[in-house]
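Student: Please take me through one part of this protein in close detail. I would like to look at its nonpolar core, and then at what surrounds it.

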Amino acid sequence: MSGWAAPRTRFSKTSFNAKHDWSQYPTTSYTCPSCHANSELALRDLDKYAHSRAVLDEREDLAQLFQVLPEVMRSWGNSILPMWCAGCASPVLILYDATESHILGRCYWLSWVVEAAGVQGATQSGSNSGGAA
Ligand SMILES: [Zn+2]
């Protein structure tokens, strides 16, 4: 059951900039909507895929997953980072914008999350996870 979500509903931190963040090497934590496992994402991961959406050309399965995102939203972000949930190994695509600012240095802004394990519009019978917000 695939779907998409706003980053703030999945990640503990959704924007980075070099000036304020780089010295601390912060990570952001992704919470899987399906298995509730946490996966850590580091700045070097965002560095690695900045200004590239090539993963859509390289991986047909991920390109198909990307189609889940409504068309008008697919251009939100000049970079796409693929990751796999640490708990259930479901693929996740993170759309983000990588920019350079004279004041802030490199900046990353997460724009959308596309998930193979997304639960949008789906209800699981028999599993009440308690909804800790
Ligand atoms: Zn998972």
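Tutor: Start with the terms: helices here are DSSP runs of at least four residues, strands are runs of at least two, and both are numbered from the N terminus. The model is predicted. On those terms the protein has four helices and seven strands. Along the sequence they follow the pattern β-β-α-β-β-α-α-α-β-β-β.

Now the core. Of the 133 residues in the protein, 19% count as buried. The largest nonpolar core has 18 residues. Within this core, Ile80, Val92, Leu93, Ile94, Leu95 and Tyr96 touch the most other members. Three strands each supply at least two of the core residues: E5 (79–84), E6 (91–101) and E7 (105–115). E6 gives the largest share, with five residues. As a general point, nonpolar side chains in soluble globular proteins tend to be buried together.

Next, look along strand E7, where Cys107 is found. Is Cys107 buried or partly exposed? Cys107 counts as partly exposed, because it has 19 C-beta neighbours inside 10 Å, and a buried residue needs 20 or more. Leaving aside neighbours within four places in sequence, Cys107 is in contact with Phe16, Asn17, Thr99 and Ser101. Ser15 lies 92 residues from Cys107 along the chain, yet their C-alpha atoms are separated by 7.4 Å.

Turn to another pair of strands. E3 (residues 27–31) and E4 (residues 38–42) pair in the antiparallel sense, over five bridges. In this pairing, Thr28 stands opposite Leu41 of E4. The two strands form a hairpin, with six residues between them. In the turn, His36 has a positive phi of about 65°.

Last, the confidence. The mean pLDDT is 86, and 86% of the residues reach 70 or more. Residues 120–133 fall below 50, and beyond near neighbours in sequence this stretch has six contacts in the model.

How values were computed: Residues are numbered from 1 along each chain as its sequence is written. This is a predicted model: local features need pLDDT of at least 70, side-chain atom pairs count only at pLDDT 80 or more; totals for chains, interfaces and linings use all residues. A residue is buried if 20 or more other C-beta atoms lie within 10 Å of its own, exposed if 12 or fewer, and partly exposed in between; C-beta atoms are placed from the backbone. A nonpolar core is a set of buried Ala, Val, Leu, Ile, Met, Phe, Trp, Tyr and Cys residues joined through C-beta atoms within 7 Å. Two strands pair if DSSP finds at least two bridges between them. Two residues are in contact if their C-beta atoms, placed from the backbone, lie within 7 Å. pLDDT is the predictor's confidence in each residue, from 0 to 100.
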